[in-house]
Amino acid sequence: MNFDKELDVKGLSCPLPILKTKKSLADMPSGQVLKIITTDKGSVLDMQAFAHQTENSLLSFSEENGTYIFYMQKK
Amino acid sequence: MKKMALIASKGTLDMAYPPFILASTAAALGYQVQIFFTFYGLQLLRRDLSGVKISPLANPAMPMPVSMPVLLQAMPGMETMATAMMKDKLKKKGVASLEELRALCLEAEVKLIACQMTVDLFDFERSDFIDNIEYGGAASFLEFAGSADINLFI
């Protein structure tokens, strides 16, 4: 999937992946896609909750060997 | 805009995390947030947070690497050791430090209010605390909390 910016927060725990996602999105224009890579198991639910509450779109989610990859499109 | 009001009343390392984690996250989700720091919670507003510690004493739920009799937990230096171990663990697991979370709260415009009554009670000086905070009492907390969507006492 195409993306405009990547955020690698592997190794970081709650709430840092969410806070850093918020910061990264703030610098991006509407419609751009942010790729987020995490290892925090809690981020699987948290990213969905973040997207839902901030009206950004979680385009896709996948897991690979304990690494979670999200594609989030800015509102 | 949604609002969240928190009261932070505890000044130990473990209990310092919930208010700062919730406040910074709520701010990221678009909430307007206020934290009212009272009694031991005032410790979390000090310039120097190195005095914020955790004690295994009277805390039987704290996971310890080796089980330790209560009398040993009361020995001098145990609190410092437990605090160092906990901070090391937090760092290894990628959990932000209190200083970092507090800075993120301020950056996200979370309003931090020190309870003036307890500041006076414990003879604190305003110079003990970080600069960008306000001082108020129960009425100022309730004014915001009265219209908040979430109210928590921590």
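**Loops, sheet and helix packing in a two-chain model**

With 10 C-beta neighbours inside 10 Å, Glu109(B) counts as exposed, because the limit for that class is 12 or fewer. The model described here is predicted. Glu109(B) is placed in the loop that joins H4 to strand S3 (111–115) of chain B. Its phi is near 65°, a positive value in a residue other than glycine.

Asn65(A), which is not a glycine, has a positive phi of about 45°. The residue sits in the loop between S3 and S4 of chain A. Asn65(A) counts as exposed, because 5 C-beta neighbours lie inside 10 Å. A further backbone feature of chain A concerns a proline: the peptide bond from Cys14(A) to Pro15(A) is cis, with omega near 5°. Pro15(A) belongs to the loop between S1 and H1 of chain A.

The strands of chain A were examined next. Four strands form an open sheet in the order S1-S2-S4-S3 (chain A), and the pairing is mixed. From one strand to the next, the twist averages 15°. The pairing of S3(A) with strand S4 (residues 67–73) of chain A is antiparallel and extends over seven bridges. Within S4(A), Tyr68(A) is the bridge partner of Glu63(A). Helix H1(A) lies across S1, strand S2 (33–38) and S4 of chain A, and runs at about 160° to S1(A).

H1(A) also takes part in the contact between the chains. Twelve residues of chain A are in contact with eleven residues of chain B. On the side of chain A that touches chain B, the elements giving two or more residues are helix H1 (16–26) and helix H2 (43–54) of chain A. H1(A) supplies the largest share of that side, four residues. By class, the side of chain A that touches chain B comprises seven nonpolar, four polar and one charged residues.

In chain B, a pair of packed helices was characterised. Two packed helices are described by the angle between their axes and the distance between the axes. Helix H1 (residues 13–28) of chain B packs against helix H4 (residues 98–107) of chain B at an angle of about 35°, and the axes are 9 Å apart. The crossing of H1(B) and H4(B) is left-handed. On the H1(B) side the contact involves Ala16(B), Phe20(B), Ile21(B), Ala23(B), Ser24(B) and Ala27(B), which meet Leu98(B), Leu101(B), Arg102(B), Leu104(B) and Cys105(B) in H4(B). The contact of H1(B) with H4(B) has nine nonpolar, one polar and one charged residues by class.

In soluble globular proteins, nonpolar side chains tend to be buried together. The largest nonpolar core holds 46 residues, of which Leu6(B), Ala23(B), Ala27(B), Val33(B), Ile35(B) and Phe37(B) touch the most other members. H1(B) gives the most to this core, with eight residues. Ala23(B) touches Leu6(B), Val33(B), Ile35(B), Cys105(B) and Val110(B), when residues up to four places away in sequence are not counted.

Val33(B) is located in strand S2 (residues 32–37) of chain B. Val33(B) counts as buried because 26 C-beta neighbours lie inside 10 Å, the threshold being 20 or more. Apart from neighbours within four places in sequence, Val33(B) is in contact with Met4(B), Ala23(B), Ala26(B), Ala27(B) and Val110(B). The C-alpha atoms of Val33(B) and Pro63(B) are separated by 32 Å, and the two residues are 30 residues apart along the chain.

Ala8(B) is part of strand S1 (residues 3–8) of chain B. Ala8(B) is buried, because 28 other C-beta atoms lie within 10 Å. Leaving aside neighbours within four places in sequence, the contacts of Ala8(B) are Pro19(B), Ile35(B), Phe37(B), Gly41(B), Leu44(B) and Ile154(B). Of these, Ile35(B) and Phe37(B) are also among the core residues that touch the most other members. Between Ala8(B) and Phe129(B), 121 residues apart along the chain, the separation of C-alpha atoms is 15 Å.

Definitions and conventions:
Residues are numbered from 1 along each chain as its sequence is written. Chains are lettered from A and ligands numbered from 1 in the order in which they are written. This is a predicted model: local features need pLDDT of at least 70, side-chain atom pairs count only at pLDDT 80 or more; totals for chains, interfaces and linings use all residues. Two residues are in contact if their C-beta atoms, placed from the backbone, lie within 7 Å. Axes are lines fitted to C-alpha atoms, for helices over the stretch in contact, and angles run from 0 to 180 degrees between N-to-C directions. A crossing is left-handed if the near helix is turned anticlockwise from the far one by less than a right angle, and right-handed if clockwise. Ala, Val, Leu, Ile, Met, Phe, Trp, Tyr, Cys and Pro count as nonpolar, Asp, Glu, Lys and Arg as charged, and the others, Gly among them, as polar. A nonpolar core is a set of buried Ala, Val, Leu, Ile, Met, Phe, Trp, Tyr and Cys residues joined through C-beta atoms within 7 Å. Two strands pair if DSSP finds at least two bridges between them.
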